[in-house]
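Please open the model in your viewer and keep the selection tool at hand.

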Amino acid sequence: MQPFWILALITLGVCSGVASGKGDDDCRQQNMDLAIFGDISRSMRKQQRKKLMNFVIELIDSKKVSADGNHVALGTFSFTADIHNKLDDKEYYDVNKLKKTVKEILIVKPKKFGTRTDLALDLADKEVFTAAGGDRHKAKNVLIIVTDGKPHITKRAKEPFIPFEKSTKALEAKDVLVVVVGVGKSVSKQKKKMEEIAGEKGRVLLFPSFKMLSQNLDEVLEVYCAIDGKYTEWKESECSATCGGGVITKTRTCTNPPPQHGGKDCSELGPAQITLSCNQESCAIDGKYTEWKESECSVTCAGGVKTFIRTCTSPPPSNGGKDCTELGPSEKTESCNTEECPIDGKYTEWKESECSATCGGGVITKTRTCTNPPPQHGGKDCSGLGPAQMTLSCNEQPCPPPCAAGLDVAIVLDKSQSVRLGNLKKIITFLGNLVKNFNPAPDADHFGLITFNKKSQLSFKFSDSQYHDRDALLQKIANEPMVLQYQTRTDLALIMARDAMFTEAGGDRPDKQNVMIVLTDGKPTHPKKDFDFAAFAKDINKDFEKNKINIVAVGIGAGVDENTLHDIAGTGTVVQVQNFDKLDEMMETIKGAACSG
């Protein structure tokens, strides 16, 4: 703290002790209970303390401190706060004793750093301005605190911070005027903090130096005698208009009373003049119609009506103004779209011809007519609805080779465990009957047989000439081992057909048509869970197509997936047989899919 703060503390304390009334001389002569708290922080130098003591002693000598006059309590604060005497300590009615105490308390240099303004306010409230502290009922109460406006609490402080507002509210309730004096070069920067310490009803005086404080001693002396200005009652003008909105001007003056002896003007009490709205009701206005709003016609043809509507809202009548009844009706109608309605033509359902071929690619012709209904009264024809005729491809699968031309027929038989032995015997019997419907001979039909379960097995191939004889072939088929195993490796069987059967080494004849009949009762299996059979079948069928192999995929029983059969057959034919007992019934169908004629 700068030293001139301390000097200002005592100066203001004594001056305010003299200036405590409502007039001028009367105010200063009125008895006062005055408490002076000085900031004695460690920043105070010895020479500055001496100047402060001399100034305070001179001030005390000029005032009437006595038992029946002014009473003074002295306090100081730094890292803590102390009261050195109470208001009713009789020994301090003696001016000499009071001056001696001033010398003693102002020479003390605190041992610790800190500026506990909050503790000074709290002591003034709880121990000075109380009955126990000597506060007199009829005397005026004044608390003067001199500080640089920057309270400081160190980390080692024992007492917690006490909010300023708590103490100032309590002091104001006891009619104690709190005066904070700030002295220093940067005092203006601390104004808000000092206003917080003084409270809402207190006073703050700012001086840049101790010299300026001395030169303005009268201002300090009058601080308690100051009278704040107050406004008179409002005076109100007449409204500036009788309708449609006007204003009333209200004025008052800061003369009840006017500010005196440095008291505040009325700037903080609100404006001296305000304007208020008045006669806001609109003047009488006659209503007028809006423009007609036209609806769409109720129908697009054959006669309809459209409605015209207007409202009495441009402007609407108000404040006794006339409505629109004298200006005509608010609604009218007119005829519209009286011409006959056009009827657009629409097509009948498609009529479809039979396919022009049973295999090898044909066409179906589809026709329709614009008669459902036909266009009328200028309605649109069907040209925008698409063609009246179109053709679609049909029966695009290759035709099976002629049965009499000589064939190389590979039979691929599923011998997985799910077939069961009883059904395997039925299949073997069926295969014998199937062979009898062909012409096994050296220059006619040649047969080969592949079986599959967990592996694929080549029973015999086209080149095995001993089976070009009908009886030997039937006997070979009848002697097929009655053995079943788990798994259904259809992929291995198809690979064997491609690599071992339909090859030159396998006896495939380039001048004869190729047929492969695959008989199965279930889905293919594979040791790899992510094996894609459909993708595999698509790839291997490309090889079969190159060799012009007509594939017939025969699925037996309800456990066969139709999609799998189509994967096996590729562009060939799928035949589904209800169960093994129905095989012979499907003989002609299976043979017809293998060859024609």
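The stops that follow lead from the whole chain to single residues.

**Before starting**

This is a predicted model, in which local features need pLDDT of at least 70 and side-chain atom pairs count only at pLDDT 80 or more, whereas totals for chains, interfaces and linings use all residues. Residues are numbered from 1 along each chain as its sequence is written, and side-chain values use heavy atoms, with hydrogens and water left out.

**Stop 1: the domains**

Colour residues 32–225 as domain 1, 293–336 as domain 2, 351–394 as domain 3 and 407–595 as domain 4. These bounds come from an automatic or database domain assignment. Next, compare domain 2 with domain 4: their centres, taken over C-alpha atoms, are separated by 86 Å.

An unreviewed UniProt entry places the feature "domain: VWFA" at residues 33–220 and 408–590. UniProt positions are given here in the numbering of this model, with feature names shortened, and such annotations may be inferred rather than shown by experiment. Select residues 408–590: this span is 34% helix and 22% strand, and its end C-alpha atoms lie 16 Å apart. Helices (H or I, at least four residues) and strands (E, at least two) are DSSP runs, numbered from the N terminus.

**Stop 2: threonine 117**

Select threonine 117, which is placed in helix H5 (residues 117–128). Is threonine 117 buried or exposed? Threonine 117 counts as buried because its relative accessibility is 0%. Here buried means under 20% relative accessible area, exposed over 50%, and partly exposed in between (1.4 Å probe, protein chains only).

Now show the residues around threonine 117. Not counting residues up to four places away in sequence, threonine 117 touches Phe77, Ile145, Thr147, Pro151, Phe164 and Ile197; contact means heavy atoms within 4.5 Å.

**Stop 3: lysine 97**

Move to helix H4 (residues 95–106), where lysine 97 has its place. Lysine 97 counts as partly exposed, because its relative accessibility is 24%. Its contacts are Glu91 and Tyr92, again not counting residues up to four places away in sequence. Then draw a distance from lysine 97 to serine 335: the two are 238 residues apart in sequence and 116 Å apart in space, C-alpha to C-alpha.

**Stop 4: the largest nonpolar core**

In soluble globular proteins, nonpolar side chains tend to be buried together. Select Leu431, Ile517, Leu519 and Val554, which have the most contacts inside the largest nonpolar core, a set of 37 residues. A nonpolar core is a set of buried Ala, Val, Leu, Ile, Met, Phe, Trp, Tyr and Cys residues joined through side-chain atoms within 4.5 Å. Among the elements that each supply at least two residues of this core are strand S16 (407–414), helix H10 (421–436), strand S19 (513–520) and strand S20 (549–556). Which element gives the largest share of this core? The largest share, seven residues, comes from H10. Leucine 431 touches Ile411, Leu413, Ile477 and Leu519, not counting residues up to four places away in sequence.

**Stop 5**

Select strand S14 (residues 362–367), whose covered face holds Gly362, Ile364 and Lys366 and whose uncovered face holds Val363, Thr365 and Thr367. In a regular strand the side chains alternate between the two faces of the sheet.

Two strands pair if DSSP finds at least two bridges between them. Lysine 366 is the bridge partner of glutamate 352, and in S15 lysine 366 has methionine 390 as its bridge partner.

**Stop 6: the disulfides**

Show the cysteine side chains. A disulfide is a pair of cysteine sulfur atoms within 2.5 Å, and by this rule the count comes to eight disulfides.

Select cysteine 301 and cysteine 341, joined by a disulfide with S to S 1.5 Å. The link of cysteine 301 and cysteine 341 is right-handed, with 105 degrees about the S-S bond. Cysteine 301 counts as buried at 10% relative accessibility, whereas cysteine 341 counts as partly exposed at 23%.

Finally, select cysteine 370 and cysteine 382, whose sulfur atoms are 1.9 Å apart in a disulfide. Both cysteines lie in the loop between S14 and S15, 12 residues apart. Cysteine 370 counts as partly exposed at 21% relative accessibility, and cysteine 382 counts as buried at 3%.
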